[in-house]
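Please look over the structure shown here, which is the subject of the briefing that follows.

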Amino acid sequence: MSDAYDFDLIVIGAGTGGNGVARMTTAAGWKVASIDSLPYGGTCALRGCDPKKMLVAVTEGVDWAQNLKSKGLEAQISVDWPDMMAFKRSFTDAMPPRIETGLEKAGVATLHGDARFTGPDTIELNGGSLRARHFHIATGARPMTLNIPGEELLITSTDFLDLPERPDLVVFVGGGFIAMEFAHIAKRAGASEVTVLEMMERPLGNFDPDLVAILVEATAELGVALRTEAKVLKVEKRGGELAVSFETPGGIKVVTCDTVVHATGRVPDIDGLNLAAAGVEHGPRGIKVNASMRTTNPNIFAAGDCADSGPNLTPVSAYEGRIAAKNLLAGHDERSVSYPPIPSVVFTLPMVATVGLSETAAREKGLKFDTHFEKTQGWYSSLRVGAKWTGYKVLVEQETGRILGAHLMGPGAEEQINLFAMAMGAGLTANQIKAMIFAYPSYASDVGSMV
């Protein structure tokens, strides 16, 4: 490393898209620094996937008790919100020091603050200046700006995960992952009124419409008020309450509550980086990268939710980070991203999972396929746990027997979908899947009956 540089590599962002890069390059002998303005760990570990799933785990107890009521399980189950949050913090509080200490032991310099580019190889940090031969940006995403009156009255999903007491009357603005998952958590935790306001015709637009329709029924039965074609116009204080005004085909409506949660989605968290000074181009979907995760500045890479690349999912950011690290070490674009079938899950109860093509996408590609669609509340795996809202849809290509897409709903869906992703990645046909022998009875043993 030239004396003109402070580091061989500076990684901006200490989440899944950045930490692997820092470790791999440090292990190769590079002098590396990692910078984050927030505690180390990133969104997934601290403000997203992991803490959310811990809350889901607690509310699963409520779901099990309800589903098995009058089937031999007699239980009066309720959620103690402060205890549930303490359970969540038993994981999230330990993660930042664990991650930061791990990086330091590996030889990475761990720094804190808001990094801002002042040139193609220079950043400003806490009033000082640092130069590096290379940079890797993995700053993730932030809640999108709504540009509505009263936006400051909304809390974010991060705030929701830290609420000391359970909200009783809560409105979620948006109908995607965050809104649907948190609405299910809040209602099972005992909130008296939970409302989801989605501006499109249905929630979860990226998931199979037939399975989402079943989820909508399950959500209504749970007691969540799901309003579609509901565009939020403003939020205002009215006495001790918050009033949310929203536009519908039938006119403007108002719902009052004590808590409004911003759940409309996230955008790349790159506004404060001053990327223009570094010669790094970006657009609405994030930093522009090539298939090697290299930006328009050849010495700067980016990965994860801040990059205009693959789906915004934690395993994808880790994968993209590995590609970036290998190309950094090679000194040229040796590796390119080649995304395998990527599964995705909405952790409502019931869960909804998807991998591969939807029916619409498969038709648009001109593919000929058979659709296997069935509601499965009568299957043993559903009956055994009292699950009412279950089903699947699998697309099988007619000529080859390949699985084009799988869409699942119900207990076990979050693991079944991984089996479909493996099968699709390996190019297995429907007949080959049918020929497999799985442990029985298990959720996996249902897979052969879905193809």
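Methionine 293 lies in the loop between β17 (286–288) and β18 (300–302), and the model in which this loop is seen is a predicted one. Although methionine 293 is not a glycine, its phi is positive, at about 70°. Methionine 293 has a relative accessible area of 0% and is therefore buried, the limit for that class being under 20%.

- Most residues other than glycine have a negative phi, and most peptide bonds are trans.
- Asparagine 274, which is not a glycine either, has a positive phi of about 55°, and its place is in the loop between β15 (266–268) and α9 (275–278).
- Buried, partly exposed or exposed: how does asparagine 274 count? With a relative accessibility of 25%, asparagine 274 counts as partly exposed, because that class lies between the limits of 20% and 50%.
- The peptide bond that leads from leucine 349 to proline 350 is cis, with omega near 10°, and proline 350 belongs to the loop between β20 (344–346) and β21.
- A cis peptide bond also joins tyrosine 440 to proline 441, here with omega near -5°, and proline 441 is found in the segment that comes after α14 (430–434).

**Helix α5 (residues 95–106)**

- The 12 residues of α5 should span 16 Å at 1.5 Å a residue, and this agrees with its end C-alpha atoms, which are 16 Å apart.
- Which residues of α5 are buried? They are Met95, Pro96, Ile99, Glu100, Gly102 and Leu103, and, seen down the axis of α5, the buried residues fall within an arc of 155°, so they line one face of the helix.
- The face of α5 that is turned away from this buried side carries Arg98 and Lys105, both of which are exposed.
- The buried residues of α5 pack against α1 (16–27), β2 (32–36), α2 (42–47), α4 (81–92) and β3 (109–112).
- After α5 comes glycine 107, which has a positive phi near 105°.

**Helix α8 (209–222)**

- The buried residues of α8 are Leu211, Val212, Ile214, Leu215, Ala218 and Thr219, and they line one face of the helix, because they fall within an arc of 155° when seen down the axis of α8.
- What covers these buried residues of α8 includes the helix α7 and the strands β10 (224–227), β21 (352–356), β22 (369–375), β23 (391–397) and β24 (403–409).

**The second largest pocket**

- The second largest pocket has a volume of about 930 Å³, and its lining is made up of 39 residues, of which Val62, Asp63, Trp64, Gln66 and Asn67 lie nearest its centre.
- Which helix gives the most to the lining of the second largest pocket? Helix α3 does, with eight residues.
- By residue class, the lining of the second largest pocket divides into 18 nonpolar, nine polar and 12 charged residues.

Definitions and conventions
Residues numbered from 1 in each chain as written. Predicted model: local features only at pLDDT ≥ 70, side-chain atom pairs only at ≥ 80, totals over all residues. Heavy atoms only, no water. 1 Å grid on protein atoms, 1.4 Å probe; cavity = no way out; pocket = protein on both sides within 12 Å on 5 of 7 lines; lining within 4 Å. Points joined across faces, edges and corners; volume = space filled by probe spheres on them. Helix = DSSP H or I, 4+ residues; strand = E, 2+ residues; numbered from the N terminus. Nonpolar A, V, L, I, M, F, W, Y, C, P; charged D, E, K, R; others polar. Buried < 20%, exposed > 50% of the residue type's maximum accessible area, 1.4 Å probe, protein only. Arc of directions from axis to C-beta. Contact = heavy atoms within 4.5 Å. Expected span 1.5 Å × (residues − 1).
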